[in-house]
Amino acid sequence: MNRSTDKFLTLFQEAEAHLEQLLPLGQRRLKARATFEHVGFPMQKMEKWRNSHLRTIRETDWVFERTQPAVDKTQWPERFRHAPVFVNGVAESDDFWEERTDGVQIGSLRAALKHTPQRVFDHFNKNNKEDLFGTFALNTLLVTDGLWVYVPKGIRVETPVLAVQYSSGKHHAVNHLRHILVVEEAASVDVQMLQISTPDDNHFIQDITECFVADRGIIRRHVLQQFQGETICFSTAFSTQGEASEYHSNVTTLSSHNTRNEQHTRFDKPDGVARLGGLYLAAEKERVEHQVFIDHAVPDCESHEKFAGVLSGHAQGAFTGHILVREDAQKTNAFQASNNMVLSDDARVRSLPFLEIYADDVKCSHGATVGKLDDEALFYLRSRGIGAEEAKRILLTSFAAATLEDVEDENYKQFVVDEIQSKLAAVSQ
Amino acid sequence: MTEEDKLLEEITAKEYEHGFVTDIEMEVIPKGLTEDTVRFISAKKNEPEWMLEYRLKAYRAWLEMEMPDWAHLKVPPIDFQDISYYAAPKTKPKYDSIDEVDPELLRTFERLGIPLEEQKRLAGVAVDAVFDSVSVMTTFNETLDELGIIFCSISEAVKNHPDLIKQYLGSVVPYRDNYFAALNAAVFSDGSFVYIPPGVRSPVELSTYFRINTEGLGQFERTLIIADEGSYVSYLEGCTAPMRDENQLHAAVVEIAVHKEAEVKYSTVQNWYPGDKDGKGGIYNFVTKRGICLGDHSKLSWTQVETGSAITWKYPSTILKGDHSVGEFYSVALTNNMQQADTGTKMTHLGSNTRSTIISKGISAGKSHNTYRGLVHIGKRATGSRNFSQCDSLLLTDRCGAHTFPYIDVANSSSIVEHEATTSKIADDQIFYLKQRGLDEEKAISLIVNGYAKEVLQQLPMEFAAEARKLLEISLEGSVG
């Protein structure tokens, strides 16, 4: 058993009573403990963890904080200032719960467990792959709260559901969240989440989002990451899709310290479509990583991945994509693009676009590029009277904004483009 | 039974063309691997003490290593104690003229189409034929001697050119590099040694044919090629092996050192026994091939056509150390029936303005699995470097697999890396078009596959290209369906 595994087991032992009081999961936590003990916390030498930075996690004595700090919203984008907040893993409001007349439920997992325990347990951990990586079992072990969204059959939620995952504190605390998004047949929802931390924050956050898209349903998930302190964040989304369903996910990382984003998508029935996008702007010593695994388990599905990174300073970025097309998953279309722009000689980028294909009637392709700004394009803009800085910013913005093409909410798209622009203004100088 | 089925059955029933066994008395040591085996091999070859020391160091390192399991392969457990590590034809190993060579052996070579005889010399091919482990014959020595080119077996080189061996052996593939490289360094039986002096262009294509013969014998070839400043050589390697039920292990090591402004072109056609259609028998081909472009403006080009072996684990790689050096990798890997291949390349860019190109064409048929695995690493000092990779996979049946595992790692801001890959099957309309022109389905597929692999095939020396095209055709037989 490795050191990290030991440490988190001890932490669980100390906090177990408190955790259960916050979110009573009973046997599920004990089962997760057994799995975690067996699988162990990931180690650097594991193939899918090579590009992650685990040393700080291994060397830090993590604690569990029982009190919540006051929330400082001054740094937040206006768009999210009135959204419900999860502070260090727990909803700010004790009973964050809304049940609309059409049956739509939006609230905290804690509240959902009180109001609709059966439905919660019908979905909790159903998509999570506890035995794949120790981190996933650890999440069940230490989870305190999360967002719960339930959309009944045929209901289309028109306004996006907004939420903020906020972390602040300098005592090396762990925050583990579980968000669950359930969309029944022909229903749809758009969830937009800001993940933000304060400049003095040094927490280890792990959030897992379980998405369930029933036949002809649509989930759109948008995450904007703005970590300012020494926050370590592992953010994972699992999704399973029914017939002719759609799953959209877009994760934009504006700033980070050590971030690992994962997406696991599985098609359970034919004709599903998944569109996954991600952008990381990493400067200074930031580390950002994207892991994407798409399981084409059935025929006639389509997946599109569009990931891009802009790296400067001593930043490190990595993209690992893995498309699995199982036997008999004929007529699969899978496209994967990973494009990276390196602006400094001290930055580093790795791209691993994998294809694993066991069916023949498929169209799968991937493209990966690592490069610099196109001199000709720069020259063109400058010859039109645009200054060097501005030209650089224009090109980088268009490069970065390409990952947002599939985002349907124009307001959100514009909001993120603006955020990207102001961030790039700082990077490209 | 329809006409098509009949044809199919006829073709699939076809036995491996090169699967015959030569009956020559062999000297084989008992199975098993200990320090004594290593000492025996070294003594058998009258090696100097330093060579034995090197082997023993490698053997001890191997003992501490574990067989790699990261490849996308299902390798049955290999009992390394159930392999015989040395075999040599009992007939005396050196001949003055071709008449002295065992006629049985010559017939074998002839059936394999090895250009060993006089008329072949005119075709411009010098051959160092390795029959099992001991080099039996080397032609063309005179022509090469005049230019100062050394082309001999590695055992001879150990005796006659110890300084070169001491300097270069293990310099590109150290014995600690990997499990099979360590094993090879400990027990390598023989192989080829090439040295091209400064400014010399080899007038002929140097070629070696390997052939595995004795049952249960693992072959551990060692090839070392040194191209001194401003020289050029094109080296061909081709292999066929007779049909066996028992799996045979082949763990070769190829090292290439390319100096300033020199160029080496290394071409392989690999057609070892792939096992029968149920996956019984066949060669395990675990090869470490690596070259280093030591000097500025040097170039190393790998071309491979892989159709044989039950399991292939092979990544011909290039370290681009000199500034402006160039690395190329062209590969066609075809797997059929139960074959498995995990092959690709590593391009390690260390010098500035280095360039590399990777073109890989995988073709999977039957129930086979074909994997491309490649690394492009651009180091911090490799400014202004470029890489272009294209990895295409073609699937011919719905029970085979085609996998692509590229690794891209870039650590500076002035380099450009582009990678693209596609996986698809042959479009129905293409087949329809050809059938409409009077070709049967099998011919149509073979034509399309040859066109698909053309980019790589045209990199091969001419007579090799013809052989390779024929090979693709033969290997594809019976895969329609």
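Mentor: In this predicted model, I357(A) has A402(B) as its bridge partner in strand 22 of chain B. That bridge can be read together with the pairing of strand 19 (residues 348-357) of chain A with strand 22 of chain B, which is antiparallel and runs over six bridges; strands pair if DSSP finds at least two bridges between them, and strands (E, at least two residues) and helices (H or I, at least four residues) are DSSP runs numbered from the N terminus. Residues are numbered from 1 along each chain as its sequence is written, and chains are lettered from A and ligands numbered from 1 in the order in which they are written. Because the model is predicted, local features need pLDDT of at least 70 and side-chain atom pairs count only at pLDDT 80 or more, while totals for chains, interfaces and linings use all residues.

Around this pairing, the contact between the chains takes 29 residues from chain B and 30 residues from chain A, where two residues are in contact if their C-beta atoms, placed from the backbone, lie within 7 Å. On the side of chain B that touches chain A, the elements giving two or more residues are strand 22 (401-410) and strand 23 (416-425) of chain B. The residues of that side divide into 12 nonpolar, 11 polar and six charged, with Ala, Val, Leu, Ile, Met, Phe, Trp, Tyr, Cys and Pro taken as nonpolar, Asp, Glu, Lys and Arg as charged, and the others, Gly among them, as polar.

The largest nonpolar core has 236 residues, and V149(A), V183(A), L281(A), V194(B), V258(B) and V264(B) have the most contacts inside it. Such a core is a set of buried Ala, Val, Leu, Ile, Met, Phe, Trp, Tyr and Cys residues joined through C-beta atoms within 7 Å, and a residue is buried if 20 or more other C-beta atoms lie within 10 Å of its own, exposed if 12 or fewer, and partly exposed in between. Helix 9 (residues 179-187) of chain B gives the most to this core, with seven residues. Domain 1 (3-269) and domain 2 (375-429) of chain A both give residues to the core, so it lies between them; the domain bounds come from an automatic or database assignment. Leaving aside residues up to four places away in sequence, V149(A) touches I106(A), V161(A), L181(A), V182(A), V189(A) and V191(A).

For chain A, 55% of the 429 residues count as buried.
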